[in-house]
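Dear colleague,

I am passing on the structure below, together with some notes on what was found in it. Please read the notes with the structure open beside them.

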Amino acid sequence: MVKNNYKSGRVATLMEGGFAGNEPQDPTVVGQPYPMFGNENTMNMNQLLLNNIRADMYFREELPPIKTFQGFIEKSVKEIKESTPWVTGTHTVTTKKGMCSGTRGVGTQGRPTRLWMHLVKLFTLKPTERQLELLVESKQSPYLRVLGFLYIRYCVKREEIWDWLSPYIDEEDPIIIERLAKTTWPLGKFVRTLLTETRYYDTHFPRLPNRLAQQIVQGIKDWDQKQGRKEGEDPFGDSKGGGKEIRRNSRERSRRSRDGDRSHRREDSSSKRRRDRDDDKEPRDRRRRERSRSRERGRDRRDRRDRDRDRDRDRDRDRRRDRSREKDRRRRRSDSRERH
């Protein structure tokens, strides 16, 4: 009898072994991975989507041989063509009816896109902070930037998401969302969606705390107001009454501001890392000083014991010498009396 879950049969067999040989980079070569937030086994991803990724033959056969970040970049540029989690037409949230559909999940699983499979591959590589920066600022392909943005949304601490993504909310590079439907978005719209939405094309992003979500929404409003936009105005739509010159000037102001924010974030991040290293260094120095003092105290104790032992040895030698002299004097006096 078939089990009443979609893991039965071939999928369960394929999923044995976790991430199918997709292994992390060597931290002694590339550096320590950027700290991750949440569940380190699931990447905070929807379980159905993650299981289908791990069961896909492309993920299990094409991606495990890639062991380096550069190899991952080259493969991603070649393979990624759209930005939805599911291949269009293969997934539906409506459960199918019938003897062999509802029980086995037929028609509700779908096929993950290459983008999401490469996202999980990136997760298994354990990227460093520098590698994440290379992704979100890549000039090779906008889909490398999408990979970086998605990884940050899924895996980075929630308090850091705004600092990472806010410099890119006005990016105008076009990306294909659904290839078959020919749906395209400006990259900035995709970033705004990551910041303000939890649901995206039949999957979910990790939920943000309410206060943080409100701060992010307010931050976007403040930015748009700073750029001279009215409330509710589409930042990527045609400007009314301003023409191309106004749009070009707005883009230039946005670019300069983004560059400043990006530079500021890098400086803050670098300063934080230095503070963390200093914070770690202080206890190490304290322990080193304590060990040094302990060694000096031990050396002093050994020196005192040696001095005491030498002093006792000298006293014993002096006492033995005095006893020997006393014996010699008594013997001479006794001999003298016997002669007389």
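Which residues does Ser138 touch, not counting residues up to four places away in sequence? Ser138 touches Leu144 and Arg145, where a contact means heavy atoms within 4.5 Å.

As to provenance, this is a predicted model, in which local features need pLDDT of at least 70 and side-chain atom pairs count only at pLDDT 80 or more, whereas totals for chains, interfaces and linings use all residues. Residues are numbered from 1 along each chain as its sequence is written, and side-chain values use heavy atoms, with hydrogens and water left out.

The protein has 12 helices and four strands, these being DSSP runs numbered from the N terminus (helices H or I, at least four residues; strands E, at least two). Of its 340 residues, 38% are buried, which is to say under 20% relative accessible area, with exposed meaning over 50% and partly exposed in between (1.4 Å probe, protein chains only).

Ser138 lies in the loop between α7 and α8 (142–155), and this residue counts as buried because its relative accessible area is 10%. Helix α7 (residues 129–136) is itself mostly covered, with six of its eight residues buried, namely Glu129, Gln131, Leu132, Glu133, Leu135 and Val136.

Arg289, by contrast, belongs to helix α12 (residues 243–339) and is classed as partly exposed because its relative accessibility is 44%.

Finally, among contacts between residues at least 6 apart in sequence, 74% join residues at least 24 apart.

With best regards
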